[in-house]
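Open your viewer and get ready to click through a few stops. Keep the selection tool at hand.

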Amino acid sequence: MSLDYVKFSGGFEKFMPKEYRDMVEHGPFGKKISVSQMGSFKEILEEHPMCAGCAMTLFIRLAIIAFPNPEDTITVGTAGCGRLAISQAAIPFVYGNYGDQNGVASGLSRGLRLRFGDKPKDVVVMAGDGGTADIGFQQVLHSWFRKERFTTIMLDNEVYGNTGGQESGMTNRGAVLKMAPLGKKFEKMDMLQMAKVAGCAYVATVVPNNPRRVESVIKKAVLIAREVGSTYIQAYTSCNIEYAIPTDKVMEDAKTVENDRYQFTEYVSDEAKQYLTERYGYKDYLPKAGAPAAAIPNKA
Ligand SMILES: Cc1ncc(C[n+]2csc(CCOP(=O)(O)OP(=O)(O)O)c2C)c(N)n1
Ligand code: SF4
């Protein structure tokens, strides 16, 4: 990490706003920070206008802390609750029309590679389930088929939260919502399977009540997207307003949902395993002693 992006120019220290000084002196830039240190450093995302107790906000905070190089990361979002927080963070945020986030991210990622060559910026899309699985679906899928090298994170609250409770493709069958009073008639879309079929190199599910797992999953997804291909994370980020979850029960709900139907799953392609092992020293994917060596394809 580098402090160069935020440090003061000589003589300007005393004129900088307190918030900015805090970011330089107590922020994560130039340091190795982990989610286990939350509360002891100034976060890139501190202020936001989202509902009290919203689990999506916690997830976004954790995800941003987990970015391997936050000062070299550009987030892309779209209409929906999440952008209210992501746009307040002290790293760049690109916002387009509802659903076009993966198209925007494709162009951005390619442009950054042309501009910065072998030191590209990390591009991370964070969008709601409606933005990802409904209106943005075509652009999401095609970015995966093209193996665009950026990370897509679905903030899956299983509803259109920002517009007051319409069902999305990710709402569960039978769920009754303010603007779906008869209950949803169809099953929740299997976006994890679609991501695999479309060729994503890394696909994982998480819930925000396990910060270390969120950190691990985000880091891997961002690193793999740098060189190997598209990566997809689906995070259960409940909407306590539309699902009437009492604020003090939000984490309990996440735990129940995790046990019930949102268990941790992780798919890592062979090429991605080899890359994480060789480039970043991950030990998890080394062949186990005594086991026959896995056939790992050569990198193109
Ligand atoms: C083209 C377009 N259609 C509709 C809207 C209105 N709109 C804003 S946010 C939103 C729903 C967002 O739902 P989701 O993507 O699931 O995110 P959430 O708010 O639940 O996080 C809609 C329909 C819009 N901004 N642009
Ligand atoms: S409406 Fe739901 S998802 Fe949106 S900020 Fe409020 S609790 Fe979070």
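**Stop 1: a serine in a loop**

Select serine 34 and serine 36. Their side chains make a polar contact, at 2.9 Å. Bear in mind as you look that this is a predicted model.

Where is serine 34 found? Look in the loop between helix H1 (18–26) and helix H2 (55–66). Is serine 34 buried or exposed? Serine 34 counts as buried because its relative accessible area is 16%, and the cut-off for buried is under 20%.

**Stop 2: ligand 1**

Zoom in on the backbone.

- Cysteine 81: a backbone N or O atom sits 2.9 Å from an oxygen atom of ligand 1.
- Glycine 130: a backbone N or O atom is 2.9 Å from an oxygen atom of ligand 1.
- Asparagine 162: a polar backbone atom lies 2.9 Å from an oxygen atom of ligand 1.

How much of ligand 1 does the protein bury? Taken alone, ligand 1 exposes 580 Å², and the protein buries 72% of that.

**Stop 3: ligand 2**

Move on to ligand 2. Select Met50, Cys51, Cys54, Met56, Cys81, Asn157, Gly161, Cys239, Asn240 and Ile241: these are the residues around ligand 2. Cys81 is on this list, and a backbone atom of cysteine 81 also lies 2.9 Å from an oxygen atom of ligand 1.

What classes make up the shell around ligand 2? The shell has 7 nonpolar residues, 3 polar and no charged ones.

**Stop 4: two helices**

Finally, select helix H4 (residues 101–116) and helix H6 (residues 137–145). Packed helices are described by the angle and the distance between their axes. Here the axes come within 7 Å and cross at roughly 35°.

Which residues meet? From H4, show Gln101, Asn102, Gly103 and Ser106. From H6, show Gln139, Val140, Ser143 and Trp144. The residues of this contact divide into 2 nonpolar, 6 polar and no charged.

Methods:
Residues numbered from 1 in each chain as written. Chains lettered and ligands numbered in written order. Predicted model: local features only at pLDDT ≥ 70, side-chain atom pairs only at ≥ 80, totals over all residues. Heavy atoms only, no water. Axes fitted to C-alpha atoms, helices over the stretch in contact; angles between N-to-C directions. Helix = DSSP H or I, 4+ residues; strand = E, 2+ residues; numbered from the N terminus. Contact = heavy atoms within 4.5 Å. Nonpolar A, V, L, I, M, F, W, Y, C, P; charged D, E, K, R; others polar. Polar contact = N/O pair within 3.5 Å; in protein donor to acceptor, adjacent residues only side chain to side chain. Areas by Shrake-Rupley, 256 points an atom, 1.4 Å probe, with all protein chains shown as cover. Near = heavy atom within 4 Å. Buried < 20%, exposed > 50% of the residue type's maximum accessible area, 1.4 Å probe, protein only.
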